[in-house]
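Student: I've got a new model open and I'd like to learn how to read it. Can we walk through the features together?

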Amino acid sequence: RQGENILFTVKDDGPGMTAQQMEDAVSFNMNQIKGGYGIKNINFRIKLCFGEEYGVRYESVLGEGTTAFILIPAMAMEEAEVKIEGRS
């Protein structure tokens with residue numbers, strides 16, 4: 001938990017990614033999708049439901065690994081359902 005949010009962190013010790021690869025991994029542009037679209041879709045949906053400050057981001061060092069961060073607001077299930085369904 002990070003204040004009023006929940007931050008998920010996943011870290012690996014793989015080859016890392018360049019800045020462009022990190023951007024491509026989360027950008028949702030239907031004209032430029034290369035490879036899979038799972039993370040792009042998740043990031044898009046989180047931002048759509050909860051706002052631009054939330055979503056998926058990466059930090060990476062070539063040759064050392066990558067860390068993925070997923071930030072969502074902390075809320076009860078009932079609050080999330082209302083937010084996702086667009087009800088007030």
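Predicted model: local features only at pLDDT ≥ 70, side-chain atom pairs only at ≥ 80, totals over all residues.

Student: Okay, charges next. How many salt bridges are there?

Tutor: The general idea goes like this: side chains of opposite charge can pair when their charged atoms come close. With a cut-off of 4 Å between nitrogen and carboxyl oxygen, the count here is two. One joins R57 and E59, at 3.0 Å from N to O; the other joins K47 and E52, at 3.9 Å.

Student: Is E52 buried or exposed?

Tutor: E52 is exposed, at 62% relative accessible area, while K47 is partly exposed at 24%. In the other pair, R57 is partly exposed at 42%, and E59 is partly exposed at 43%.

Student: What about K40: which side chain of opposite charge is nearest to it?

Tutor: That's D24, 6.6 Å away, so K40 has no salt bridge even though it is buried. K40 sits in helix α2 (residues 38–50), and its side chain does reach the backbone oxygen of D24, at 2.4 Å.

Student: Last one, pockets. Which element gives the largest share of the lining of the largest pocket?

Tutor: α2 does, with four residues. Both α2 and β3 (65–73) supply at least two residues of that lining, which includes I6, R45, F50, I72 and I84. The volume of the largest pocket is about 160 Å³.

Technical notes
Residues numbered from 1 in each chain as written. Heavy atoms only, no water. Buried < 20%, exposed > 50% of the residue type's maximum accessible area, 1.4 Å probe, protein only. Lys, Arg positive; Asp, Glu negative; His and termini not counted. Polar contact = N/O pair within 3.5 Å; in protein donor to acceptor, adjacent residues only side chain to side chain. 1 Å grid on protein atoms, 1.4 Å probe; cavity = no way out; pocket = protein on both sides within 12 Å on 5 of 7 lines; lining within 4 Å. Points joined across faces, edges and corners; volume = space filled by probe spheres on them.
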